[in-house]
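Below is a short briefing on one protein model.

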Amino acid sequence: MNLNQTDTDFMQQALELARIAADAGEVPVGAIVVKDGVIIGRGSNAPISTSDPTAHAEIRAMRDAATHLGNYRLVDCTLYVTLEPCAMCTGAIQHARIARLIYGASDPKTGACGSVVNLMAEPKLNHHTDITKGVLAQECGAMLSAFFAARRKKSTASRP
């Protein structure tokens with residue numbers, strides 16, 4: 001895969017946010033929103049700590065970007081996220097009019113950009129985001145795998 005160096009650099013920054021989520025006990029997913037080469041929104045997963053089922057990294061990054069722009073439309077923006085978005089996040093990406101989505105690891109359980117369903121390809125919807133998948137996929141997937149392996153190990157160790 002011929003990756004744009006900027007895409008790789010921005011995904012590295014999303015991975016840093018995923019590490020922050022992991023350190024907080026959240027599933028390690030990080031996201032950033034970029035407009036004209038500048039990061040305008042950042043988010044890491046926080047549904048557990050905030051008791052908010054919508055506090056996914058993508059939603060938090062888009063909220064941050066919308067506040068920065070003073071507009072809920074994120075036209076001409078790119079969203080970088082370490083894990084393929086779920087249906088909720090994919091819907092929000094479409095409503096925000098994100099131009100490009102770049103994600104790392106695919107999600108075979110809840111991915112809504114091609115793994116389970118592809119909401120971005122639904123012709124009846126009025127906005128279609130360009131998608132690039134697999135940017136730093138190995139690093140993104142390894143972080144998730146390590147997180148869940150540690151969680152399983154901890155769960156097994158605490159059983160009588």
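Buried means under 20% relative accessible area, exposed means over 50%, and partly exposed lies in between, using a 1.4 Å probe and protein chains only. Helices (H or I, at least four residues) and strands (E, at least two) are DSSP runs, numbered from the N terminus. By these terms, strand 4 (residues 100–105) is mostly covered, with five of its six residues buried. This is a predicted model, in which local features need pLDDT of at least 70 and side-chain atom pairs count only at pLDDT 80 or more, while totals for chains, interfaces and linings use all residues. Residues are numbered from 1 along each chain as its sequence is written, and side-chain values use heavy atoms, with hydrogens and water left out.

**The sheet**

- Two strands pair if DSSP finds at least two bridges between them. Strands of a sheet pair through backbone hydrogen bonds, either parallel or antiparallel.
- Five strands form an open sheet in the order 2-1-3-4-5, with mixed pairing.
- Strand 2 (38–44) and strand 5 stand at the edges with a single partner strand each, so one side of each has no neighbour in the sheet.
- From one strand to the next, the twist averages 15°. For such angles, axes are lines fitted to C-alpha atoms (for helices over the stretch in contact), and angles run from 0 to 180 degrees between N-to-C directions.
- Strand 1 (residues 30–35) pairs with strand 2 in the antiparallel sense over six bridges. V34 has I39 in strand 2 as its bridge partner.

**Strand 4 and its partners**

- Strand 4 pairs with strand 3 (residues 77–83) in the parallel sense over five bridges. L83 stands opposite A105 of strand 4.

**Helix 4 and Q94**

- The buried residues of helix 4 are C89, T90, G91, I93, Q94 and A96. Their cover includes helix 3 (57–69), strand 3 and strand 4.
- Q94 is found in helix 4 (residues 87–96). Q94 has a relative accessible area of 10%, so Q94 counts as buried.
- Contact means heavy atoms within 4.5 Å. Leaving out residues up to four places away in sequence, Q94 touches L119, M120, L125 and H127.
- A polar atom of the Q94 side chain lies 3.1 Å from the backbone oxygen of L119.
- Just after helix 4, R97 takes a positive phi of about 65°.

**Aromatic pairs**

- Rings of Phe, Tyr and Trp (its six-membered ring) pair if their centres lie within 6.5 Å; planes under 30 degrees apart count as stacked, over 60 as edge-to-face and the rest as tilted.
- The structure holds two aromatic pairs.
- The rings of F10 and Y80 have centres 5.2 Å apart and planes at 45°, so this pair is tilted. F10 lies in helix 1 (residues 5–23) and Y80 in strand 3, so the pair ties together parts 70 residues apart in sequence.
- F10 is buried at a relative accessible area of 9%, and Y80 is buried at 2%.
- The rings of F147 and F148 have centres 5.2 Å apart and planes at 85°, so this pair is edge-to-face.
- F147 is buried at 13% relative accessibility, whereas F148 is partly exposed at 31%.

Technical notes: A polar contact is a pair of N or O atoms within 3.5 Å; within protein, one must be able to donate a hydrogen and the other to accept it, and residues adjacent in sequence count only if both atoms are side-chain atoms.
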